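Me: I am new to this structure and want to learn how to read it. Can we take the features one by one?

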Amino acid sequence: MISFKLCGTTICLHFSFFAMLCLYFQLEREGYGVSCLFTALVHETGHLIAFAVQKAAPKELHFQLGGIRLIPPDEPLSFPGELFTLAAGSMVSLYCGSFLYYKDSQTALPHLLTGLFSLLPLPGLDGGEIVSLFQSRFFPEKEYFFRIT
C-alpha cells in the first residue's frame with residue numbers, strides 16, 4: 001500500500017486497486033472502464049466538495065479493490081452536515097448524468113445509475129448510511145436489525 005498526506009487527509013492507494021484496474025483494462029475492450037472510473041471519481045468528488053463546504057476533511061481516502069472509500073474525520077459533523085455529505089455524492093452524480101444526458105445519453109447512464117444505486121437503503125451504500133443516521137438521531141435508544149456499524 002502506498003499512502004501519503006494531502007491537505008490533512010491520508011490517501012491510501014492499495015495494490016489491489018491497481019491490480020483490478022490492470023485486469024479490467026486487459027479484459028475490457030469497449031472503453032467503458034475509463035468511463036466507470038471517471039464516474040466513481042465524480043461521485044466521490046461530490047463527497048469531498050461537501051467536506052470542503054463545511055471546512056472539514058475526511059480522515060482517509062482509500063483506493064482499494066472494492067472501489068473508493070472515504071473515512072470520516074475524528075470530529076463528528078453536525079447532523080445536517082453529515083446528511084449533506086452523505087447525499088452529496090449522489091447529488092453530483094445525478095447532476096452530471098442529467099447534464100450529460102442532453103449531450104450523449106450513453107455517457108450519462110453510468111452517472112445516473114451510480115447516483116440512484118448509491119441512494120438505495122442498503123448497508124455500505126450512501127442510502128444505508130443515511131437511514132442509519134436518521135435511526136441514530138431520532139431513535140437512539142432502540143436497537144435495529146438494519147444498524148450499520
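Reply: Start with contact, which means heavy atoms within 4.5 Å. Take the contacts in the protein between residues at least 6 apart in sequence: 49% of them join residues at least 24 apart. Keep in mind that this is a predicted model.

Me: How many helices and strands are there in the protein?
Reply: The protein has five helices and four strands. Along the sequence they follow the pattern β-β-α-α-β-β-α-α-α. The C-alpha trace spans about 50 × 40 × 30 Å along its principal axes.

Me: What is the order of the strands in the sheet?
Reply: The order is E1-E2-E3-E4, in an open sheet with mixed pairing. E1 and E4 are the edge strands, and each pairs on one side only. From one strand to the next, the twist averages 15°.

Me: In which sense does each pair of strands run?
Reply: Go pair by pair. Strand E1 (residues 2–6) and E2 are antiparallel, over five bridges. Lysine 5 has threonine 10 in E2 as its bridge partner. E2 and strand E3 (residues 60–64) are parallel, over four bridges. There, isoleucine 11 stands opposite leucine 61 in E3. E3 and E4 are antiparallel, over five bridges. Here glutamine 64 stands opposite glycine 67 in E4.

Me: What do E1 and E2 form, and how many residues lie between them?
Reply: They form a hairpin, with two residues between the strands. Look at cysteine 7 in the turn: its phi is positive, about 55°.

Me: How do I read burial?
Reply: Across the protein, buried residues make up 34% of the 149 residues. Now try strand E2 (residues 9–13), where five of its five residues are buried. Thr9, Ile11 and Leu13 are on one side of E2, and Thr10 and Cys12 are on the other. Both faces are therefore covered, since these residues are all buried under the 20% cut-off.

Me: Is leucine 120 buried, partly exposed or exposed?
Reply: Leucine 120 has a relative accessible area of 35%, so it is partly exposed. Leucine 120 lies in the loop between H4 and H5. Leave aside its neighbours within four places in sequence, and leucine 120 is in contact with Leu125, Gly127 and Gly128. Leucine 37 is 83 residues from leucine 120 along the chain, and their C-alpha atoms are separated by 20 Å.

Me: Which helices pack on the sheet?
Reply: Two to look at are H1 and H2. H1 packs on the sheet and touches E1, E2, E3 and E4. The direction of H1 makes about 40° with that of E3. H2 also packs on the sheet, touching E3 and E4. The direction of H2 makes about 10° with that of E4.

Me: At what angle do H1 and H2 pack?
Reply: The angle is about 145°, and the axes are 9 Å apart. H1 brings Phe17, Leu21, Tyr24 and Phe25 to the contact. H2 brings Tyr32, Gly33, Val34 and Leu37. By class, the contact has seven nonpolar residues, one polar and no charged.

Me: How is empty space found?
Reply: A probe the size of a water molecule is rolled over the atoms, and it shows where empty space is left. Here the largest pocket has a volume of about 1300 Å³. It is lined by 41 residues, and the closest to its centre are Glu44, Ile68, Arg69, Gly124 and Asp126.

Me: Which element gives the most to the lining of the largest pocket?
Reply: H2 does, with nine residues. Other elements that each supply at least two include strand E4 (67–71) and helix H3 (79–101). By class, the lining has 22 nonpolar, 13 polar and six charged residues.

Me: What lines the second largest pocket?
Reply: Twelve residues line the second largest pocket, and Tyr32, Ser35, Gln106, Thr107 and Pro110 lie nearest its centre. H2 and H4 are the elements that give two or more residues to this lining. H4 gives the most, with six. The lining divides into six nonpolar, six polar and no charged residues. The volume of this second largest pocket is about 160 Å³.

Definitions and conventions
Residues numbered from 1 in each chain as written. Predicted model: local features only at pLDDT ≥ 70, side-chain atom pairs only at ≥ 80, totals over all residues. Heavy atoms only, no water. 1 Å grid on protein atoms, 1.4 Å probe; cavity = no way out; pocket = protein on both sides within 12 Å on 5 of 7 lines; lining within 4 Å. Points joined across faces, edges and corners; volume = space filled by probe spheres on them. Nonpolar A, V, L, I, M, F, W, Y, C, P; charged D, E, K, R; others polar. Buried < 20%, exposed > 50% of the residue type's maximum accessible area, 1.4 Å probe, protein only. Pairing = 2+ DSSP bridges. Axes fitted to C-alpha atoms, helices over the stretch in contact; angles between N-to-C directions.
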